[in-house]
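Please open the structure in a viewer and keep its sequence at hand.

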Amino acid sequence: MQGHGLWALTCIVEASVTPRGRSGQQIKAVNAAPSDGVIPNAADPFSFTLTLDSIAYTISVAEATNTATNTTVQDLIADINTGFTQAVPVLGGAAIDLTGEVFAFVETDGKIVLSRVTAGTIAFTSAPGTAAVNVLGFQ
C-alpha cells in the first residue's frame with residue numbers, strides 16, 4: 001500500500017515454511033535483485049524501515065562503494081543480513097541484533113525475501129525511488 005510518500009508492504013500470516021526450514025512470515029520483492037549484487041548509486045549507506053509486530057527499525061545496508069565488490073546476489077543477501085545485526089529502533093535506543101527475528105534470502109527467481117523466524121507481522125517501508133525500492137525490488 002502507498003501512503004504519505006512511502007511504499008509499505010505488510011504481511012500477516014500465521015505460518016509458512018522457508019528454504020531454511022524455519023517457520024515465519026515473509027515479504028517477497030516484486031522484482032528480481034541485481035544478479036551481481038551491486039547497488040549502484042546508493043546513499044552511504046542506504047536504509048529501509050522494517051517493522052516487526054509494532055516495533056519499527058531502521059536497517060542500514062552497505063553503501064555502493066562496499067557492494068561494488070559483490071559478484072552475486074548472495075553477496076547482497078549477506079549485506080542485508082549484516083544490516084539486521086545493527087538494527088536501530090526508529091523511536092530511539094541502542095542498535096540491536098535482529099538475526100534471531102528476521103533474515104533475508106533469495107529465491108530461484110532472483111527475488112529477495114525478508115522472512116520472520118518467529119510468528120508475528122513484518123512490514124517493509126521505504127521512500128519511493130530509493131535503492132531499497134528500486135534495486136532490491138520492493139515496490
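The stops that follow begin with the whole chain and then turn to individual elements and residues.

**Before starting**

This is a predicted model, in which local features need pLDDT of at least 70 and side-chain atom pairs count only at pLDDT 80 or more, while totals for chains, interfaces and linings use all residues. Residues are numbered from 1 along each chain as its sequence is written, and side-chain values use heavy atoms, with hydrogens and water left out.

**The whole chain**

Select the protein chain in a cartoon view. The chain contains 3 helices and 9 strands; helices (H or I, at least four residues) and strands (E, at least two) are DSSP runs, numbered from the N terminus. Along the sequence, their order is β-β-β-β-β-α-α-β-β-β-β-α.

Now switch to a surface view. The accessible surface is about 6,700 Å², and carbon and sulfur atoms make up 55% of this surface; such areas come from the Shrake-Rupley method with a 1.4 Å probe, and for residues only the protein chains shown count as cover. Of the 139 residues, 43% are buried, where buried means under 20% relative accessible area, exposed over 50%, and partly exposed in between.

**The nonpolar core**

Next, select Phe48, Phe84, Leu114 and Leu136. These residues have the most contacts inside the largest nonpolar core, which has 30 residues. Such a core is a set of buried Ala, Val, Leu, Ile, Met, Phe, Trp, Tyr and Cys residues joined through side-chain atoms within 4.5 Å. At least two core residues come from each of several elements, including β4, β5 (55-61), β9 (120-126) and α3 (131-134). The largest share, 5 residues, is supplied by α2.

Keep Phe48 selected and display its surroundings. Among the residues that Phe48 touches are Tyr57, Ile59, Phe84, Leu114, Phe124 and Leu136; a contact means heavy atoms within 4.5 Å.

**Helix α2**

Select residues 73-84, which form α2. The buried residues of this helix are Val73, Leu76, Ile77, Asp79, Ile80, Asn81, Gly83 and Phe84. At the start of α2, a side-chain oxygen of Thr72 lies within 3.2 Å of the backbone nitrogen of Gln74.

Ile112 in β8 is the bridge partner of Val106. The two strands form a hairpin with 5 residues between them, and Gly110 in the turn has a positive phi of about 85°.

**Two single residues**

Select Thr51, in strand β4 (residues 46-52). Is Thr51 buried or exposed? Thr51 counts as buried because its relative accessibility is 17%. Leaving aside residues up to four places away in sequence, Thr51 touches Ala56, Thr121, Ile122 and Ala123.

Finally, select Gly137, in the segment after α3. Gly137 is buried, with a relative accessible area of 0%. Gly137 and Val30 are 107 residues apart in sequence, yet their C-alpha atoms are 5.5 Å apart in space.

Technical notes
Two strands pair if DSSP finds at least two bridges between them. Buried means under 20% relative accessible area, exposed over 50%, partly exposed in between (1.4 Å probe, protein chains only). A polar contact is a pair of N or O atoms within 3.5 Å; within protein, one must be able to donate a hydrogen and the other to accept it, and residues adjacent in sequence count only if both atoms are side-chain atoms.
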